[in-house]
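User: I would like to go through this structure by question and answer, with the cut-offs stated as we go.

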Amino acid sequence: MGGRQVTGQDFAGKRVTVAGLGVSGMPAARVLHARGALVTAVTDADDERSRAQAAELRALGVTVRLGDGAALPEGTELVVTAPGWQPGKPLFAAAGAAGVPVWGDVELAWRLRGPGAAPWLAVTGTNGKTTTVRMLAAILEAAGHRTAAVGNIGVSLLDAVLAEEPYDVLAVELSSYQLHWAPSVRPHSAAVLNLAPDHLDWHGSMAAYAADKGRIYEGNQVACVYNAADPATEKLVRAADVEEGCRAIGFTLGTPRPSEVGVVEGLLVDRAFVPDRTEQAQELAELADVNPPAPHNIANALAAAALARAYGVPATAVRDGLRAFRPDPHRIEHVATIDGVAYVDDSKATNTHATEASLAAYEPIVWIAGGLAKGATFDELVQGAAKRLRGVVLLGRDRALIAEALARHAPNVPVVDLDRADTGAMSEAVREAAGLAREGDTVLLAPACASMDMFTNYNVRGDLFAEAVRARATAAEGD
């Protein structure tokens, strides 16, 4: 499947620098040390958490340098980096000048696979990656395969490829950061769900961001799955160097053409993996089998189905897997219906692309939005959603940017501006949204912004929203 197989013997006595601790750095340091490498772990941080991690590694015999992530340790023969470390860091410039290769933890995992290793079905995209990978794993499990959803989803790929009980196949979420540092990864099949500006401060440009996403198609064996509604994803397929016989497979919310999966009369159907793609279509599932059946989530299901079918999964397993799938919290999660108004938590919608999909799933909407904009602009988002908006409640540091876009493109939509950042702000936002909503409306938390200006993370933001909604539901029951 491509990529040189590296055994434990290759690391014996090799001087390896692990850049960054945390979710990826700690397992990498432990695995390399166990294989005889002389490991030095470096990090810019020197706080309580990093000191605890350093103590754990030093107990194994690993050298750790806290607050010293810029310099390349003398004699380094390989750098293994955490995915979030930006390419422009001095450490990488020094490695390049010295001819030292830089791998990410995904590259290390790929090279540590043993003979007959589980193939990877890989997914990337600006939004929808985690949901699609978890759907894919559910479908593979329904087909009887031992599998796991791994990678950027939070489960270490290193742990998966080195598991005592081997997997049949892995559903792998890969971020643009991880793909940047993974030059030899060659999946069985892969999908790019969508492309929209994101992480441009890290990549430097949209072209560089897209190019890193496109790496996922390199060396694909069976299928390169792309979004028929997003020409940029098909362009990446055309540019990829794949194995002979690998096919381009589109997914669409419309009627599928040959070599596509799509939707016909309430059914998810396959015209890609059938004996006669011109004349035949295979029913995979009903729209009602997708939870929730919002348009962007149906697209996720189609991408997952295409990858599973590329691996040879029967149509019945697609249906059964989708029925068994339960979305993660804070992803289009229905919290309650109070007096005919639905309250939906999509706190995971931390950028405009994710929020656009969320807003497209409902109408009319009272929209709760705002937070850290991360350099985003909101005119296009507001312009597209204006007709769906009953009202808007804004909170967070960069809420004025959304307010300005609303003034330009939805001047008649009522806007409540909450100028507070305390823990009670979300409760007030829900109260204000309820005041704007009418029976049949949806109050939608889809912030289009990161959360860290007011909350620890998007999970806490969503939890506080849900708590406020449930408190209203309890009060309504008592009336």
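Analyst: To begin with one cysteine, C449 has 0% relative accessibility and counts as buried, where buried means under 20% relative accessible area, exposed over 50% and partly exposed in between, with a 1.4 Å probe and protein chains only. This is a predicted model, in which local features need pLDDT of at least 70 and side-chain atom pairs count only at pLDDT 80 or more, while totals for chains, interfaces and linings use all residues. Residues are numbered from 1 along each chain as its sequence is written, and side-chain values use heavy atoms, with hydrogens and water left out.

User: How many disulfides does a search of the whole structure find?

Analyst: A disulfide is a pair of cysteine sulfur atoms within 2.5 Å. The sulfur of C224, a residue that counts as buried at 2% relative accessibility, has its closest cysteine sulfur in C246, 3.8 Å away and too far for a bond. Over the whole structure, the number of disulfides found is 0.

User: At what angle do helix α1 and helix α2 pack?

Analyst: Helices are DSSP runs of H or I with at least four residues, strands are runs of E with at least two, and both are numbered from the N terminus. Axes are lines fitted to C-alpha atoms, for helices over the stretch in contact, and angles run from 0 to 180 degrees between N-to-C directions. Angles under 35 degrees count as roughly parallel, over 145 as roughly antiparallel, 65 to 115 as roughly perpendicular and the rest as oblique, and α1 and α2 are therefore roughly parallel to each other. The axes of α1 (residues 22-34) and α2 (residues 48-60) are 10 Å apart, and the packing angle is about 10°.

User: Which residues of α2 make the contact with α1?

Analyst: Contact means heavy atoms within 4.5 Å. From α1, the contact is made by G22, M26, A29, R30 and H33, and from α2 by R49, Q53, E56, L57 and L60.

User: Which residue of β4 is the bridge partner of A19?

Analyst: Two strands pair if DSSP finds at least two bridges between them, and strand β1 (residues 15-19) is joined to β4 by 4 bridges, the two running parallel. Both faces of β4 (residues 78-81) are covered, with L78 and V80 buried on one side and V79 and T81 buried on the other. The bridge partner of A19 in β4 is T81.

User: Which residue in β5 stands opposite V80?

Analyst: Strand β5 (residues 102-104) runs parallel to β4, and 3 bridges join them. Opposite V80, the residue in β5 is W103.
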